[in-house]
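Colleague: I would like to go through this model with you, one question at a time. Please show it first.

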Amino acid sequence: MSAPTNISFARGAPSLDIVAVDDLRTAAERAFTDDPGGAFSYGTSAGYGPLVSWIADKHGAEPTQVIATNGSMQADAFLFQLLVQPGDVVVVEAPTYDRTLLSLRGLGAEILAIPLESDGIDVSALEQALEAGAAPRLAHIIPNFHNPAGCTLSLEKRNRLLELAERFDFVLFEDDPYVELRFEGESQPTMLELDQAGKVVYASSFSKTVCPGIRVGYLVGPAGLIADCRRIATETYISPSMVSQAIVAEFCRSGAIDRSIETVKRALHERRDTLRAALARELPDARFVVPEGGYFLWVDLPDDVDVHSLAILAKERGLIFVKGTDFLLEGGDSSLRIAYSGVTPEQIEEGVARLAAAYRELPGAPA
Ligand SMILES: Cc1ncc(COP(=O)(O)O)c(C=O)c1O
């Protein structure tokens with residue numbers, strides 16, 4: 001018998017069929033024709049001027065408050081390099097994006113992990129920790145369609161976080177690459193918009209709405225802090241890729257981005273619905289918050305389930321996913337993250353059937 005074709009629930013990336021290849025080609029041609037000088041020279045560490053202006057307009061900020069980088073991971077790296085010294089306390093959500101955890105640990109930060117609830121970080125637990133003397137430099141928050149948890153931060157909690165950032169004097173790092181991908185429910189204002197005290201640094205990205213290969217992301221924040229990030233950027237790479245940013249600028253200017261966002265949302269909405277129904281049918285023990293948008297759904301299985309054994313059994317059936325433990329400093333042993341962004345509805349049906357079969361194979365599983 002031949003091995004089944006592998007299905008990946010692991011990668012937080014869009015499938016190629018929802019990338020606007022033709023519109024990207026048109027944007028590249030237009031950018032190279034209209035502004036070859038801008039696209040093909042070094043440029044400045046702030047990023048490609050027309051894109052920086054577009055981002056500033058979108059967020060009601062001044063261009064001096066923006067830096068456009070090679071993906072938002074690069075923006076995170078500049079910010080962390082600037083703000084986080086070994087031993088500094090940094091608040092993260094538990095669970096959180098695995099690469100953020102790795103970067104912060106690499107910098108020697110002391111990580112204060114605060115649990116997530118279905119409407120975002122447990123702000124009361126954070127407040128208690130602050131009142132008990134924790135003095136973070138920075139709090140990293142993923143407000144919309146969380147990676148990995150799928151949940152969205154409520155408006156009330158956004159306001160409470162802003163109050164805490166002001167009262168206890170720390171930077172709120174709002175990491176928001178999924179904000180445009182809402183399928184249903186009401187959009188919440190960003191903390192950047194709500195901020196009166198200059199406490200928020202906001203990051204977003206074109207990876208999830210255009211394509212990850214273009215590697216364009218950005219920060220918006222207080223001009224002084226952004227100037228410092230620009231200095232680190234100059235020292236690191238002179239300037240980010242002007243070719244990529246010129247293409248993205250034209251993609252945004254022409255309105256192609258709105259069509260791309262619609263395509264991605266329509267496809268991911270259908271994939272989310274398929275996943276939710278398949279899990280309810282095939283794996284009734286699974287507990288999850290239904291994401292109102294974005295790429296990910298987080299599954300909690302009964303406490304006695306060992307996700308490491310489940311991952312091995314699933315892999316034997318040609319299914320991979322990321323174990324909950326990758327997103328936490330401790331715990332997550334009965335949880336997993338399913339990315340539905342890179343798989344078709346048919347692959348989701350088949351993937352969940354494989355997951356359920358692996359689950360039934362676990363020692364002590366219900367018959
Ligand atoms: C929360 C979060 N932040 C940052 C990133 C990095 O995005 P980029 O491709 O812009 O570097 C991701 C990508 O998965 C993410 O989920």
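Colleague: Which residue forms a salt bridge with Glu262?

Modeller: First, the ground rules: this is a predicted model, where local features need pLDDT of at least 70, side-chain atom pairs count only at pLDDT 80 or more, and totals for chains, interfaces and linings use all residues. Residues are numbered from 1 along each chain as its sequence is written, and side-chain values use heavy atoms, with hydrogens and water left out. A salt bridge here is a side-chain nitrogen of Lys or Arg within 4 Å of a carboxyl oxygen of Asp or Glu. The closest N and O atoms are 3.5 Å apart, and the partner of Glu262 is Lys265.

Colleague: In which helix do Glu262 and Lys265 both lie?

Modeller: Helices are DSSP runs of H or I with at least four residues, strands are runs of E with at least two, and both are numbered from the N terminus. Glu262 and Lys265 are three residues apart, about one turn of the helix. An α-helix has 3.6 residues a turn, so residues three or four places apart point the same way. The helix that holds Glu262 and Lys265 is α11.

Colleague: How many residues apart in sequence are the parts tied together by Glu292 and Arg182?

Modeller: Their side chains meet in a salt bridge at 2.7 Å, N to O. Glu292 lies in the loop between α11 and β10, and Arg182 in the loop between β7 and α8, so the parts they tie together are separated in sequence by 110 residues.

Colleague: Is Arg272 buried or exposed?

Modeller: Buried means under 20% relative accessible area, exposed over 50%, and partly exposed in between, with a 1.4 Å probe and protein chains only. The side chain of Arg272 meets that of Glu184 in a salt bridge of 2.8 Å, N to O. Glu184 is partly exposed, at 29%. Arg272 has 1% relative accessibility, so it counts as buried.

Colleague: What is the strand order of the open sheet?

Modeller: Two strands pair if DSSP finds at least two bridges between them. The sheet has eight strands with mixed pairing, in the order β2-β9-β8-β7-β6-β3-β4-β5.

Colleague: Which strands stand at the edges?

Modeller: An edge strand here has a single partner strand, so one side of it is left without a neighbour in the sheet. The edge strands are β2 (66-69) and β5 (120-121).

Colleague: How many residues of strand β7 are buried?

Modeller: Val171, Phe173 and Asp175 point one way from β7, and Leu172 and Glu174 the other way. In a regular strand the side chains alternate between the two faces of the sheet. β7 pairs in the parallel sense over four bridges with β6, and likewise over four bridges with β8. β7 is largely enclosed by the rest of the structure, because the buried count is five of the five residues.

Colleague: Which residues of α1 are exposed on the face turned away from its buried side?

Modeller: In α1, Leu24, Ala27, Ala28 and Ala31 are buried. They cover an arc of only 100 degrees, taken from the directions from the helix axis to the C-beta atoms, which puts them on the same side of α1. The face turned away from that side carries Asp22, Thr33 and Asp34.
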